[in-house]
Amino acid sequence: MEHGLRWFISNSLRRQGHLGRTCRCFCRLTRNITTCRQTARFWLSHLPGNVYRPQSERHCHNDFSELLQLEAVRKYIDDLKDEYKEIRNRLNCIESREEDGKLLSRRHVRLAPLASVLEELQSSEKDLFELESMYNSLKARDDQELIPLVLEEQQQLNKSIAVLRGKLLQTLVQKEKHDESNVILEVTAGRTTGGDICQQFTREIFSMYKHFAGFKDWNFEVLNYTPSDYGGLHHASAYISGENVYRFLKYEGGTHRVQRIPEMGLSSRMQRIHTGTMTVIVLPHIDEVGTKVNTNDLRIDTFRAKGAGGQHVNTTDSAVRIVHIPTSLTVECQQHRSQLENRKLAMRILEAKLYQQVGTRAQSERIRTYNFTQDRVTDHRINYVVRDIKELLSGGRQLNELINKLLESAENEAVLELIETRNR
């Protein structure tokens, strides 16, 4: 444990995202190592906020393979493994119809995937150790024929171990309640002294998520689209459906900041760097929500749709605006030709927003900066940097990699919290 703490302290200067909570978790887990705890607090108190470091940003997230080296984490996993064996033995001795048997059976089902993955992981790690011993032996004999084969096998085995560690992490952390839900995604342009940079950036971000939905083979249905001048976007919303949509998009909610020289609009004449913001809101779509909407609390207006949409635009009152009077929440929908369909969609969005107010986390923090002049995107929560903004905005591999890093960091933090709770 002391070795693990020293490793954590020595690396703390290059870790920004989730560092405060993670450091506190480590300190609570090691109350008997006073010196290490005091040193950790010292570094935590002297860490600067958003510092740019060219080399280490892409590796500043907490890696689960590193966490597995800590005694507290290994002990937690070993305890779960021992618990699984004990439950299996007890289930062989009692009737499953008994109350205790039912409780044990549920716990057995919960721990079974972890035990399976852990057994496979330990077997693969044993194979890797044997391969390393074989490689050292072959290297000592200078066997140039077999060494390449062993190295290739090691490479494949390391990839398998990395996948198994990811599975082990996911079995340790319970799924969030709405991870498998579809989502309603909203984008809204912010304000800037530079003029229309926010509207242009909002259009690009909305397009990025549309392409990302295609990359993940999800359905992307535009609910509302309010364009601005010079090809920008004031506000838009979409319904995204598919496999585990909320799990992958739940950390995209927040304020996205842009720094760039505008390419179009009035502010493009100034040829200087402007800073603007836009906001993303991600709401899980839940078929059965606990929030009851009283129709007497609603004001429903109809109006003619604006923007692209065919001959029905500006000819019929198909667009719908619903205002929830007690909270002043306002929802608009003008995507469909039918006023009834637009009303159903608007109610779906309103229910999701009301549910978010009473039960889900806020999405107002600044999460990411897109610096076009330096061709750099920085996610401030894990200090993860991506080079090549255009590639990220295309909504493909780079965005998927960034989102996976966020999920990994959050799951690692959840493991530390589980261990902390267990040790109280």
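Contact here means heavy atoms within 4.5 Å. The structure is a predicted model, in which local features need pLDDT of at least 70, side-chain atom pairs count only at pLDDT 80 or more, and totals for chains, interfaces and linings use all residues. Residues are numbered from 1 along each chain as its sequence is written, and side-chain values use heavy atoms, with hydrogens and water left out.

Confidence was examined first. pLDDT is the predictor's confidence in each residue, from 0 to 100. The protein chain has a mean pLDDT of 75, with 73% of its residues at 70 or more. Residues 1–62 have pLDDT below 50, and this stretch has 100 contacts in the model beyond near neighbours in sequence. Residues 308–312 also stay under 50. For them the model has five contacts beyond four places in sequence.

The nonpolar cores come next. Such a core is a set of buried Ala, Val, Leu, Ile, Met, Phe, Trp, Tyr and Cys residues joined through side-chain atoms within 4.5 Å. Buried means under 20% relative accessible area, exposed over 50%, and partly exposed in between (1.4 Å probe, protein chains only). In soluble globular proteins, nonpolar side chains tend to be buried together. The largest core holds 41 residues. Leu185, Ile205, Phe206, Ile240, Leu249 and Tyr370 touch the most other members. Helix H8 (residues 197–215) supplies the largest share, nine residues. Leaving aside neighbours within four places in sequence, Leu185 contacts residues including Phe206, Tyr209, Ile240, Leu249 and Val280. A second, separate core has 32 residues, among them Ile87, Leu104, Ala115 and Ile419.

Helices (H or I, at least four residues) and strands (E, at least two) are DSSP runs, numbered from the N terminus. The expected span of a helix is 1.5 Å times one less than its number of residues. For the 19 residues of H8 this gives 27 Å, and the end C-alpha atoms are 27 Å apart, which agrees. Just after H8, Asp217 takes a positive phi of about 65 degrees.

Two strand residues were also examined. Asn224 lies in strand S2 (residues 219–227). Asn224 counts as buried because its relative accessibility is 1%. Its side chain makes a polar contact with the side chain of His235 (3.1 Å). A polar contact is a pair of N or O atoms within 3.5 Å; within protein, one must be able to donate a hydrogen and the other to accept it, and residues adjacent in sequence count only if both atoms are side-chain atoms. Thr378 lies in strand S10 (residues 376–379). Thr378 is buried, at 9% relative accessible area. The side chains of Thr378 and Arg376 make a polar contact (3.4 Å).
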